[in-house]
Amino acid sequence: MKRPRPTGFTLLILTFLLIEVLDELVYGANETAWPLIRSDLGLTYVQIGLILSLPGLIGNMIEPFLGILADTGRRRALILGGGVCFAAALLLISRAPHYLGLLLAVSLFNPSSGAFVSLSQASLMDSQPERHEQNMARWTFAGSLGVVAGPLVLSGSVALGWGWRGLFAALAGLSLLALLVAWRTLPAGRQLLPSSQPPAAPLSFGQSARRALQALRRKEVLRWLVLLEFSDLMLDVLYSYLALYLVDVAGLNFETAALAVAVWSGVGLLGDFLLIPLLERVRGLDYLRVSVLLELALFPAFLLIQAWIPRLVILGLLGFFNSGWYAILSGRLYSAMPGQSGAVLTVGNVAGWFGKLIPLGIGLAAQHFGLQSAMWLLLAGPLVLLLGLPRRDQSPSQSFER
């Protein structure tokens, strides 16, 4: 099998990172837009919680099969097909007339992102199996660029009179451009990138499914899956409710809340950037243990302190010190399942059945007890990490052999 030239390799890497930037740009804009969407469609906290949870559960029913199929030689077709549905879902979101329409559109978007984005990540991980944490740090930094830009482009869209609907229509157009780039650059085959290891022969659907099920019985794989889901409480779940919290509880107007969200994500971007060279010098788990302790101290302070400037500073520190959580934990999961990047997607979605219920739980708690009280539930994230991280670091090979 002829390997791509270095320029082709670089272009493929940039294509995958472009897809991640776009996905997180959509995410950053959407999470900041919740106050606008809530007012436009007249949503309750429970309805918002359902939109944040139910489409994810639907995706978790579909995406395990995508991961299995990805290891059978159909990865390029799955990525491109996911890109088509990704763009279509964004267009439908921009035109959603009511709650049900928005729920259906987001339900299409979720598995589409799994095919378009998650399989791109898996292919990137295949390129250098011995550098999963470092490459996940690069992937996370690319995503953070999109997250930071999301609130800014939303504010610009509102200022221009386009609103959140006009922005999502524009994002659908950008998705088609990214899809065109992917169609031109992605070669056929299961292993889209050159690797230090020879490419394995494509598996049958049954073989791929059995490998994924066997992985779910391994304690080391289960550890990283559980920690990934709980780490999300201080990442995506916090982000989903942050703008609503700042408007409904802190009493900020939308523009100021969007600025605060941009500070949180912007400082997080700096942390993700600094993490790339840091992981060349410091073990990921050592950094993770320290950052978890800092988050446990900072988050209660954010909820309790009322003064605006100190609260904004603490919010920025929260964004800085949760940098690397996803990259390190995901890298460990990939290292625990070498040569099974499609199966990583499968087992991650199986575990995600629990994680996708968390936003709904937060919404229900906010509806009955208030959003201020519900936000305290997010402390479960760093607490579980503090208890669940291994006390002694292991190399990827040791983890696999165990």
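Me: Helices here are DSSP runs of H or I with at least four residues, numbered from the N terminus. On that basis, where is Ser 107 found?

Reply: In this predicted model, Ser 107 is found in helix 5, which covers residues 99-127.

Me: Why is Ser 107 called buried?

Reply: The limit for buried is under 20% relative accessible area. Ser 107 has a value of 12%, so this residue is buried. Leaving aside neighbours within four places in sequence, Ser 107 is in contact with Pro 55 and Ile 58.

Me: How do you know how helix 3 and helix 15 run relative to each other, parallel or antiparallel?

Reply: Helix 3 (residues 45-70) and helix 15 (residues 341-355) pack at an angle of about 165°, and their axes are 7 Å apart. Angles over 145 degrees count as roughly antiparallel. The two helices are therefore roughly antiparallel to each other. Their contact draws on Gly 59, Asn 60, Glu 63 and Gly 67, among others, of helix 3, and on residues of helix 15 including Gly 342, Thr 346, Asn 349 and Trp 353.

Me: Which handedness does the crossing of helix 3 and helix 15 have?

Reply: The crossing of helix 3 and helix 15 is left-handed, whereas that of helix 3 and helix 5 is right-handed.

Me: What makes helix 2 parallel or perpendicular to helix 10?

Reply: Helix 2 (residues 34-41) and helix 10 (residues 236-248) pack at an angle of about 75°, with 8 Å between their axes. The range from 65 to 115 degrees counts as roughly perpendicular, which means that helix 2 is roughly perpendicular to helix 10. Trp 34, Pro 35 and Arg 38 of helix 2 make the contact with Ser 240, Ala 243, Leu 244, Val 247 and Asp 248 of helix 10. These residues divide into 5 nonpolar, 1 polar and 2 charged.

Me: How do you know whether Asp 23 is buried or exposed?

Reply: Asp 23 lies in helix 1 (residues 6-32). Its relative accessibility is 10%, so Asp 23 counts as buried, the cut-off being under 20%. Not counting residues up to four places away in sequence, Asp 23 touches Phe 86, Phe 109, Ser 113 and Val 117.

Me: Where is Ser 175 placed, and why is Ser 175 called buried?

Reply: The place of Ser 175 is in helix 7 (residues 163-185). With a relative accessible area of 0%, Ser 175 is buried. Beyond four places in sequence, the residues that Ser 175 touches are Leu 22, Phe 86, Ala 87 and Leu 90. Phe 86 is also touched by Asp 23. Ser 175 and Asp 23 are 152 residues apart in sequence and 8.8 Å apart in space, C-alpha to C-alpha.

Me: What makes Met 136 count as buried or exposed?

Reply: Met 136, in helix 6 (residues 132-159), has 0% relative accessibility and therefore counts as buried. Not counting residues up to four places away in sequence, Met 136 touches Gln 121, Met 125, Tyr 326, Ala 327, Ser 330, Gly 331 and Tyr 334. The C-alpha atoms of Met 136 and Gly 331 are separated by 6.1 Å, although the two residues are 195 apart along the chain.

Me: Why is Pro 338 called partly exposed?

Reply: Partly exposed lies between the limit for buried, under 20%, and that for exposed, over 50%. Pro 338 stands at 33%, so this residue counts as partly exposed. Pro 338 is found in the loop between helix 14 (325-336) and helix 15. Its C-alpha atom is 9.6 Å from that of Met 125, 213 residues away along the chain.

Key
Residues are numbered from 1 along each chain as its sequence is written. This is a predicted model: local features need pLDDT of at least 70, side-chain atom pairs count only at pLDDT 80 or more; totals for chains, interfaces and linings use all residues. Side-chain values use heavy atoms; hydrogens and water are left out. Axes are lines fitted to C-alpha atoms, for helices over the stretch in contact, and angles run from 0 to 180 degrees between N-to-C directions. Angles under 35 degrees count as roughly parallel, over 145 as roughly antiparallel, 65 to 115 as roughly perpendicular and the rest as oblique. A crossing is left-handed if the near helix is turned anticlockwise from the far one by less than a right angle, and right-handed if clockwise. Contact means heavy atoms within 4.5 Å. Buried means under 20% relative accessible area, exposed over 50%, partly exposed in between (1.4 Å probe, protein chains only). Ala, Val, Leu, Ile, Met, Phe, Trp, Tyr, Cys and Pro count as nonpolar, Asp, Glu, Lys and Arg as charged, and the others, Gly among them, as polar.
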